[in-house]
Amino acid sequence: MTIGARARTKGGAPTLPLLELHALTKAFRGLVAVQDVNAVLESGEIVGLIGPNGAGKTTLFNLISGLHRPTQGRILLDGREITALPPYARSLLGIGRTFQIVRPFAMTVLENVMVPILARDGNPTRAKDAAQEILELVALDRAANERPENLTLAMRKRLEVARALATRPKLLLLDEVLAGLNPTEVEQQLPLIRVLRDKGITVLMIEHIVDAVMSVCDRVLVMDQGHLIADGSPGEVVRNPAVIQAYLGEEVPGA
Amino acid sequence: MKRQRVAAVLAGAAAVLLPVFVRSQFALDMAILTLFYVGLTAAWNLVTFSGRLSLGHAAFFGLGAYTATLLFVRAGIPPVIGAAVAVVVSLLGGLLMVLVMVRLRGPFFTLASIAFAEVLQLVATHWRSLTDGSVGLHIPFRPGWQNLTFTSKEPYYYIALALAVLSVWLGHRLYHSSTGYFLRAASSDEEACQALGVNIKRAQAAALLWSAGMTGLLGVFYAYFIYVIEPTTFFSMELFSLQPALNGIIGGVGTVWGPVLGALVMTPLGEYLRTFLGAMQQGLHFLVYGLVLLVIVRVLPGGFMSIITGVRARNDDRGSGANERGRSYTAAS
Ligand SMILES: Nc1ncnc2c1ncn2[C@@H]1O[C@H](COP(=O)(O)OP(=O)(O)OP(=O)(O)O)[C@@H](O)[C@H]1O
Ligand SMILES: [Mg+2]
């Protein structure tokens, strides 16, 4: 599909893509959740990943972040093979992620954000300050001493993003950080994603709210039943017959 | 904060002066045993920071006790050096348990820990040429600091106090270190923790090794305190695996001070019941002890610590008090 983009040039010098997925496959016993996916992410892009329920989107994130080992295929970050690295090592190399179902730790909001910072610099006092800064960025600073179970869903999603940001990622994988929020909350969250772009973070975001994807993404990948069925600009993708076919019976996104 | 410091100073002074005022041998013995269990429970507790439950700490305890005793009895090596070697041997035992821990979760790790201690007990029983089997070993009575053998109880009391303080201090340091944050995070969610860049296996290994080494050191102390050592006592599941776990759970696992409280309350309670009710009707003390346990677990699922954090949270409105809240135990991974 986009393997050819590998030697894309900027100002004459060839630049290495940030992330390369080569023939990535993941089978759970009989079920093939991700099948032969090839894709490339360039540094600085904001890319959407959409597809019907069960298409394999979250599984793809699990493969990239290392929680699952692929059955087949290779993953390269900055041209370096990371297929066999454990999740924590990939995080230290710059892959951050959020979880579709938020997974906060049973400690205060501030301490939650301190954990990834401490994994990079073990000093709790410095980590506290750094965590406070990140909480300000996602507008959670006033909830710093709360426990996650006392937060609204929108706030817990922001905590999930804050923790991922605290890993200082080059590549951030956002798994439905807008799902379950009301339209006002979605409006409030969107600027955050633009902030990420300004920070030079490459983003791959799974999202069902297609308007949101269309408004922030440079490119959209579409998955269906484990396959990557489309890869293009938001405008191209919604007109793609295969995409329309995949969503048949559901509302065609943005069309 | 200030009131806490005053309380700590008072408690410290009381602990140091206790043998001056308490002349009863029974009471002093009880105090020594209580401090010993404070140390043992606090050492056991380090593993629980990351949500793991060990019921096999008798393994490290027995390894420590046997190593120091064998070195003294068979080779005449003084207890101070023996204790250092004993800690190393307990750490090697800890290393074996680390290998198990990174592979097994939740109840499977707990079961494996029990098996580990049971196997060591069998080895100590059947390797007669080394350990004299179930006959056991006697530490010869040659009083003096160099032999860690004393004619009065006071020195044992102060050693037990020092070991208890060391063990609790280790827990306090670990809890507030970066490793402590990792362990507590992992007790909620190991996967999410790793996805944030935390090498959780390394953190858990560190906690288990500190725990094993400290437990081994307490084994050395106990061997010299009762100077007869044999497999069923020193690898006893009931005394050195279950009892610290029970104290810890009653006090509040996942906190630094909960298990200390647990040991401070449960040890004298258990001893009194055994001494007074045990004489009345065999088994009666078990019944009463069991009932007390049930009531505590029903009323305070988070352990004694949940009373304190509850009061503190009400006092400071919200915030800091929440940090050390106890969690009820569900043998989860
Ligand atoms: N750990 C697992 N073990 C077995 N099957 C799994 C596992 N994880 C995912 N699957 C299966 O793989 C398929 C893809 O799941 P995945 O969660 O990746 O879908 P998704 O695109 O993220 O869907 P959604 O939009 O509902 O989040 C599903 O059929 C799912 O049941
Ligand atoms: Mg999903």
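Colleague: Which residues make the nonpolar surface patch of about 490 Å²?
Modeller: B:Val16, B:Leu17, B:Val20, B:Phe21 and B:Tyr158 make the patch. A patch takes residues with over 30% relative accessible area and no salt bridge, and nonpolar side chains (Val, Leu, Ile, Met, Phe, Trp, Tyr) are joined within 5 Å. The model is predicted, and local features need pLDDT of at least 70, side-chain atom pairs pLDDT 80 or more, while totals for chains, interfaces and linings use all residues. Residues are numbered from 1 along each chain, chains are lettered from A and ligands numbered from 1 in the order written, and side-chain values use heavy atoms, without hydrogens and water.

Colleague: Which helix gives the most to that patch?
Modeller: Helix 1 of chain B, residues 2-21, gives the most, with four residues. Helices are DSSP runs of H or I with at least four residues, and strands are E runs of at least two.

Colleague: And B:Leu17, is it buried or exposed, or partly exposed?
Modeller: B:Leu17, which lies in helix 1, counts as partly exposed because its relative accessibility is 42%. Buried means under 20% relative accessible area, exposed over 50%, and partly exposed in between, with a 1.4 Å probe and protein chains only.

Colleague: How many helices and strands are in chain B?
Modeller: Chain B has 15 helices and two strands. Its C-alpha trace spans about 55 × 45 × 40 Å along the principal axes. Of its 333 residues, 53% are buried.

Colleague: Which residues is B:Leu264 in contact with, leaving aside its neighbours within four places in sequence?
Modeller: B:Leu264 is in contact, meaning heavy atoms within 4.5 Å, with B:Thr34 and B:Val38. B:Leu264 sits in helix 13 of chain B and is partly exposed, at 42% relative accessible area. From B:Leu264 to B:Ala31 the C-alpha distance is 9.3 Å, although 233 residues separate the two in sequence.

Colleague: Where is B:Thr255?
Modeller: B:Thr255 is in the loop between helix 12 (237-251) and helix 13 (258-280) of chain B. B:Thr255 counts as buried because its relative accessibility is 0%.

Colleague: New topic: how many salt bridges are there over all chains?
Modeller: A search of the whole structure finds 17. A salt bridge is a side-chain nitrogen of Lys or Arg within 4 Å of a carboxyl oxygen of Asp or Glu. Side chains of opposite charge can pair when their charged atoms come close.

Colleague: What does A:Arg103 form a salt bridge with?
Modeller: A:Arg103 pairs with B:Glu191, with the closest N and O atoms 3.0 Å apart. A:Arg103 lies in the loop between strand 8 (95-97) and helix 3 (109-118) of chain A, and B:Glu191 in helix 9 (residues 190-195) of chain B, so the pair joins two chains. A:Arg103 is partly exposed at 23%, and B:Glu191 is partly exposed at 31%.

Colleague: And what does A:Glu111 form a salt bridge with?
Modeller: The partner of A:Glu111 is B:Arg184, and their closest N and O atoms are 2.9 Å apart. This pair crosses between chains, from helix 3 of chain A to helix 8 (residues 178-188) of chain B. A:Glu111 is buried at 6%, and B:Arg184 is buried at 9%.

Colleague: Which residue forms a salt bridge with B:Asp29?
Modeller: B:Lys153 does, at 3.1 Å between the closest N and O atoms. The pair links distant parts of the chain, 124 residues apart: B:Asp29 is in helix 2 (residues 25-45), and B:Lys153 is in the loop between strand 1 (137-138) and helix 7 (154-176).

Conventions:
Patch = residues over 30% accessible without salt bridge, like charges linked within 9 Å, V, L, I, M, F, W, Y side chains within 5 Å. Areas by Shrake-Rupley, 256 points an atom, 1.4 Å probe, with all protein chains shown as cover.
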